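Please look over the sequence and the structure shown here before reading the briefing. It is written for a reader who is new to protein structure.

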Amino acid sequence: MRCVVAGRVQGVYYRAATAEAAVRLELDGWVKNLADGRVEVVAAGEPPAIAALTGWLWKGPPAARVDAVHVEEWTSSVPRGFAVAK
């Protein structure tokens, strides 16, 4: 899946906290800031884990304010492990 998260999601530990959640859920992929202030999350793994991460993205870390999470299918390959991309 690919999610694009909008709101106050940059500069509030959102990427690192997302990566921690994804690692706990044993997902592969990455999270990165986008130039327009949103955050992109690409994750691959078991459907229940993907659903759990998608739900978590709506909350994020305490300092975040999530206004929207756009979810779409991702069909390209995803490297093993979960990384915070720059």
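Predicted model: local features only at pLDDT ≥ 70, side-chain atom pairs only at ≥ 80, totals over all residues.

Residues are numbered from 1 along each chain as its sequence is written, and side-chain values use heavy atoms, with hydrogens and water left out. Helices (H or I, at least four residues) and strands (E, at least two) are DSSP runs, numbered from the N terminus.

**Helix α2**

- Within helix α2, which spans residues 47-57, the buried residues are A49, I50, L53, T54, W56 and L57, where buried means under 20% relative accessible area, exposed means over 50% and partly exposed lies in between (1.4 Å probe, protein chains only).
- Seen down the axis of α2, these buried residues fall within an arc of 160°, so they line one face of the helix; the arc is that of the directions from the helix axis to the C-beta atoms.
- An α-helix has 3.6 residues a turn, so residues three or four places apart point the same way.
- The exposed residues P47 and P48 are carried by the face of α2 that is turned away from its buried side.
- The buried residues of α2 pack against β1 (2-8), α1 (14-24), β3 (39-44) and β4 (65-72).

**Residue V69**

- V69 lies in strand β4 and counts as buried because its relative accessibility is 13%.
- Leaving aside neighbours within four places in sequence, V69 is in contact (heavy atoms within 4.5 Å) with C3, V4, V5, L57 and W58.
- The C-alpha atoms of V69 and T54 are separated by 8.3 Å, and the two residues are 15 residues apart along the chain.

**Salt bridges**

- Side chains of opposite charge can pair when their charged atoms come close.
- A search of the whole structure finds 6 salt bridges, each being a side-chain nitrogen of Lys or Arg within 4 Å of a carboxyl oxygen of Asp or Glu.
- One of them joins the side chains of E72 and R2 (3.2 Å, N to O); because E72 lies in strand β4 and R2 in strand β1, the pair ties together parts that are 70 residues apart in sequence.
- In that pair, E72 is partly exposed at 31% relative accessibility, whereas R2 is buried at 17%.
- Another salt bridge brings together E40 and K32 (3.7 Å, N to O), of which E40 is buried at 7% and K32 is partly exposed at 28%.
- R65 and D67 also meet in a salt bridge (3.0 Å, N to O), with R65 partly exposed at 44% and D67 partly exposed at 46%.
- Salt bridges that share partners join R2, K32, E40 and E72 into one network.
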